[in-house]
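Here is a walk through one structure, from its aromatic rings to its helices. Keep the sequence and the 3D view side by side.

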Number of protein chains: 2
Amino acid sequence: MRNDQHPADRRVSRRHLLLGGAAAGLGAAASVGVAAAVTQTGGQSPAAAVDLNGSRTVPFFGVHQAGIETVPQAQVTYLALDLHDSVDAAAVKRMMRILTGDAAQLTQGESALADSEPELALVPARLTVTFGFGPGLVARTAQPAPGWLRPLPAFTVDRLEDAWSGGDLLIQIAADDQLTVAHATRMLLKDTRSFASLRWTQTGFRRAPGSEKPGTTMRNLFGQVDGTVNLMPGSADFEKLVWGSSSPAWLAGGTSLVLRRITMDLDKWDKLDRGGRESAVGRTLAVGAPLTGTKESDEPDFAATTAIGFPVIPEYSHIRRARSEDPGERIFRRGYNYDEPPAGGSVSNSGLLFVSFQADVDAQFVPIQKRLDALDLLNEWITPIGSAVFAIPPGCTSSGYIGDTLI
Amino acid sequence: MRNDQHPADRRVSRRHLLLGGAAAGLGAAASVGVAAAVTQTGGQSPAAAVDLNGSRTVPFFGVHQAGIETVPQAQVTYLALDLHDSVDAAAVKRMMRILTGDAAQLTQGESALADSEPELALVPARLTVTFGFGPGLVARTAQPAPGWLRPLPAFTVDRLEDAWSGGDLLIQIAADDQLTVAHATRMLLKDTRSFASLRWTQTGFRRAPGSEKPGTTMRNLFGQVDGTVNLMPGSADFEKLVWGSSSPAWLAGGTSLVLRRITMDLDKWDKLDRGGRESAVGRTLAVGAPLTGTKESDEPDFAATTAIGFPVIPEYSHIRRARSEDPGERIFRRGYNYDEPPAGGSVSNSGLLFVSFQADVDAQFVPIQKRLDALDLLNEWITPIGSAVFAIPPGCTSSGYIGDTLI
């Protein structure tokens, strides 16, 4: 035993040793401060290596918050926090100032104000941090809440769990690198400590950077192409249907976020043959084309029938039920897969973090979900187990903070 | 309510509809089989897009199993399984034949034999699948186990939990893309269903592909450069100290894996200043250089002292305690960070999946861990909460299977 060979070891208090003699013995190395140390990393700094995925940055300040129009990053963590009872509007303002400052730094590959691991901040990897306000946060201010800022109406398919629902403050942290997300998550969570407690964490993923050709629509864990029909950032429709919130005034330039945790019964899905799966969705599994087409981008022909008179795209298929004849009933989807360790005898604990942005939850999201709730073939294999709605305030300038139109 | 607008909806049995009329109405689309459908994906197939990260493959067959010398991928999942009581050597052989076949396919970007989502198999992203045998599996065969194939000796720092320890069969699934890992994990877990139950799952990550310059040593969640001193694949030392197992005979070309789940108390670590942290490790945080040097690759000078006579690299620093004067006491590390949602009032549930490969656990790993257990400054902030040892059998040819030297 080494213990026996070095009896002196056992007489030493480790803590005393470290904070006393040993620390004093560091000499010159101990005097290297955080800032100087970070500068020394040289080639790892974003400016020095612009060709690396890890060096890419997304601007933080702007009319809108980042992380919405941003091409979805590979990794995401959603945090929902509950404000402490004692937190008033002034405290929310202090918290948002701190969070804004650190989010602005971290997204640009710079360490947070009190960053305990500044080297981990040096790989931004397109990090974005997006804040959302729940009803409980807005209620602490003197401003009105939008009418839709409340739990969604109850849907018959829902089996909601508190563990994945609600919250006063949402933080969406997304990047192409999981270590970047982990570090930013920790720094921002520390910022909230005096103000709030963590309600839930949900993590998700898409394909890694460079795994597929840019612009490839993501696949979910059922193997389906998921998100073909979507609003296009920069389009007039996007401006109106995502950024078109004008009431209350503090929300101008903002939008809303709906996050639904949808568990997917992969075991049950496995028992369905390929034709049945394509029927449930209304699209081919191979390329995501509507069953009446050959390419993903083809418009579905809902009127087409087979030789024996059945519709080619079944009446209760997902794409038919999701579609509205009202062009105002559209949303911008930006979801992620989730895959947690299975429990018990199951081989999966997997699903989709359904995330949508829309100017008005009641006018855009709710009608779609009501149609799907009433009859969508996919409901046989999917179950919403979490639900939350947040107001996404506008972006801010470098002298402001997220929420400065509210508080 | 849409329910009221479409009363007919409620009369329809969803399952009947899907499996009956609607499925029959699919026409030509329903006749597209799995194989044909996969072929149709065209540009997504590995051969057609060799420049994408997602298209890269690592050979499965060979003298050694893949996933050891392989440059570590960004994402990993470790599965440990317990064999059912009824499973004898013949059943283990059947299971390993099935697992080998599917692992060989999936790692080359081809779907598993009974792949329920074949499109998810098309992005191999350097997927490797590596199998390890625990004492309980070897005991079901007629062959002897290596002497070190048992739980590690108890260390005083250990606070081991069953939830992260032991297991009869280990599967290491690693790729640069988390969706690839998720799909392979599910396919392989399904293969084991009749033979074993899942004991634990551990997932980890490193920097994403392209985040940093190739060859950059990983950082752990303490911000430390972690893994500087390591055996180099292809070197003579590696051949001897990793692949040098010659007894029992079935292990020739194989090695051993030690997996330790080490929780890192980030909150406590935060309270330590930068000098104290560097003292604990013996390296700078900025570049990972020994405190006596300026570059990560510099050899530490353990004899160097400060002007007042203290050693520059403290006596109980991690790098001094980890190092042996016996060159045979070296291991090959291939660990990952883990970061799970924090519970309660904590802001982190994070740590390291310490993974090492060595020809002989008792001769190589145990002496190092004994020294660290006796006195390593880092023990103030880290705690092993899981521990497992597996024999890694050699690789196989395309007509064999992993484990064919054993059973």
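Start with a cluster in chain A: ring pairs join Phe238(A), Trp243(A), Phe332(A) and Phe357(A). Rings of Phe, Tyr and Trp (its six-membered ring) pair if their centres lie within 6.5 Å; planes under 30 degrees apart are stacked, over 60 edge-to-face, and the rest tilted.

A word on the source. This is a predicted model, where local features need pLDDT of at least 70 and side-chain atom pairs count only at pLDDT 80 or more, while totals for chains, interfaces and linings use all residues. Residues are numbered from 1 along each chain as its sequence is written, chains are lettered from A and ligands numbered from 1 in the order in which they are written, and side-chain values use heavy atoms, with hydrogens and water left out.

Over all chains, the structure holds 14 aromatic pairs. One of them is Phe60(B) with Phe61(B), an edge-to-face pair at 5.1 Å centre to centre, with 85 degrees between the planes. Phe60(B) has 6% relative accessibility, so it counts as buried. Phe61(B) is partly exposed, at 36% relative accessible area. Buried means under 20% relative accessible area, exposed over 50%, and partly exposed in between (1.4 Å probe, protein chains only).

Now take Phe354(B) and Phe365(B). Their ring centres are 5.8 Å apart and their planes meet at 55 degrees, so this pair is tilted. The pair links distant parts of the chain: Phe354(B) is in strand E8 (residues 349-358) of chain B and Phe365(B) in helix H12 (residues 361-374) of chain B, 11 residues apart. Helices (H or I, at least four residues) and strands (E, at least two) are DSSP runs, numbered from the N terminus. Both Phe354(B) and Phe365(B) are buried.

Charges meet rings too. Arg261(A) lies over the face of Trp164(A), 3.8 Å from the ring centre. In chain B, the charged end of Arg261(B) sits over the ring of Trp164(B), 3.8 Å from its centre. The criterion is NZ of Lys or CZ of Arg within 6 Å of the ring centre and within 35 degrees of the ring normal.

Turn to the helices of chain A. H10 (residues 274-281) of chain A is mostly covered, with 8 of its 8 residues buried. Gly282(A) follows H10(A) and has a positive phi, near 95 degrees.

In H12(A), 11 of its 14 residues are buried. Among them are Phe365(A), Arg371(A) and Asp373(A).
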